[in-house]
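Here is a short walk through a protein model for someone meeting it for the first time. Keep the picture open as you read.

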Amino acid sequence: MGARGRHVEAAARGVRGLVPGEGVPFMGYDRFCKLYADYVLRLGVTSRVERKAGRTVEVDWAGATMPIHDTVTGETSKAYLFVGCLPFSRYSFVRATGDMRESSWLDCHVCMFDYFGAVPVRIVCDNLKTGVVSHPRDGEIVPDDHYRNLAEHYSTAVLPGRVKRPKDKPSGENLVLHAERAVVGAMRDREFHSLDELNRAIRDWLDAYNAAPFQKREGSRLAVFESEERPMMIPLPVVPYETGDWAGTRKVANDCHIVYRRNRYSVPHRLIGTRVELRETARTLEIWHDGQRVAVHRLFDAVQSNRSSTRDVDLPKKANWREWDEPRVRAWASGVGPNAVIVISRIFESYARPDQAIDPALAVLRLSRRYGRQRLENACDVARRVVNTPRHRQLKTILDTGQDHEVMEGEDPKVKGLDVEPPAGYVRGADYNARETKR
């Protein structure tokens, strides 16, 4: 019995159109048709679904394909259309790919979110194998691992529609129809030689399609999206999602690094001695621990070896070392005082290259660790008026003998123990010559 027969039988029972026990109708055909029409009207009652801004995007593959003609080999391949639509604003996205594999499915999602500039709360898709492992009638939906990772990366959720229920994503199905008509139908006379060429043509049509005014509604898809929907969506992450594979585990060494393919990548120092999981994408290496991603590094090329990728935040403060240079040395001197700045500047001026002056300047500044910044500042004030370019030896003598406390501002210092007279530079005194005579 067909569907219409079952409805007729149900309607007949519902309006009591049969005499009990006899099966003989007691009404005319016209009355039966009227009552049956009323029954069907009540049976087909539907409710209008209210769409919320920024809540859902409906995605799907279009059934029709486009030919791609390779001018080098002369072969013709198929291009498949991925579509995504935001039901509230009807803002749409279409992209052509060379296949319908999982990697293409995920890459299309990344391109779609980048085109939107934001991410909706939900992704509603079909129960395709590249996205959903199983969707039982009674039980938990199991999405594909990579699809779930993409959703977690963008802080969204995958909620597939019911099996064989295309009305669960009507906006996506409607966009499929429009895309097939505009791309596959209207562009059938054009010849495309690459996916990039086809996607440029699709982008031109898509921009015009989103900017076109509504027929039964004010504004356009683009205007409604920009003004009402986009502010309600989730911001994009700093790094886009990349498809990748798990590459085993590694133990974090004492220097806060792991070794992968002959190169070293830093890991937060709190994980020293533990094992972490590695996930490699086309351009990055992700490091995971207990289900949480703890570090991301740009992957070195396969031909590179013995390279290190180190993040400062991964190292403890005592191991956060960086090389000394002239700006860093001068910054330390400015923290001591203006006289120290003068002394350090003279040291740098006395060498042909700044790198040669770094060690002598650091030797002077390290005196602040033993004697304090104020005493070193006073010693620099004394030494700069006695010696043209004071060094560690002269300053240490002043500090050891306490002469930094004896000389007041504005006095012409005669510092003991420096073997120095201001007019003539370094001169041996009478005491020195007397000692030589006695010997």
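In what order do the five strands of the open sheet stand? Keep in mind that this is a predicted model. The order is β3-β2-β1-β4-β7, and the pairing is mixed. At the edges you'll find β3 (91-97) and β7 (157-158); each has a single partner strand, so one side of each is left without a neighbour in the sheet. Helix α3 (residues 102-116) packs on this sheet and touches β1, β2 (76-86), β3 and β4. The direction of α3 makes about 140 degrees with that of β3.

Strands β1 (residues 56-69) and β4 (residues 122-124) run parallel and are joined by three bridges. Thr-56 sits opposite Arg-122 in β4.

Next, the cysteines. A disulfide is a covalent bond between the sulfur atoms of two cysteines. How many disulfides does a search of the whole structure find? The count is zero. Take Cys-108: its nearest cysteine sulfur belongs to Cys-111 and is 6.4 Å away, while a disulfide needs the two sulfur atoms within 2.5 Å. Cys-108 is buried, with a relative accessible area of 0%, whereas Cys-33 is partly exposed at 29%.

Finally, move along to helix α10 (residues 354-365). This helix has twelve residues and spans 16 Å from first C-alpha to last, close to the expected 16 Å. Its buried residues include Ala-357, Ile-358, Leu-362 and Leu-365. What do the buried residues of α10 pack against? Their partners are α8 (326-336), α9 (338-349), α11 (367-371), α12 (373-384) and α13 (392-400).

Note on methods:
Residues are numbered from 1 along each chain as its sequence is written. This is a predicted model: local features need pLDDT of at least 70, side-chain atom pairs count only at pLDDT 80 or more; totals for chains, interfaces and linings use all residues. Side-chain values use heavy atoms; hydrogens and water are left out. Helices (H or I, at least four residues) and strands (E, at least two) are DSSP runs, numbered from the N terminus. The expected span of a helix is 1.5 Å times one less than its number of residues. Buried means under 20% relative accessible area, exposed over 50%, partly exposed in between (1.4 Å probe, protein chains only). Contact means heavy atoms within 4.5 Å. Two strands pair if DSSP finds at least two bridges between them. Axes are lines fitted to C-alpha atoms, for helices over the stretch in contact, and angles run from 0 to 180 degrees between N-to-C directions.
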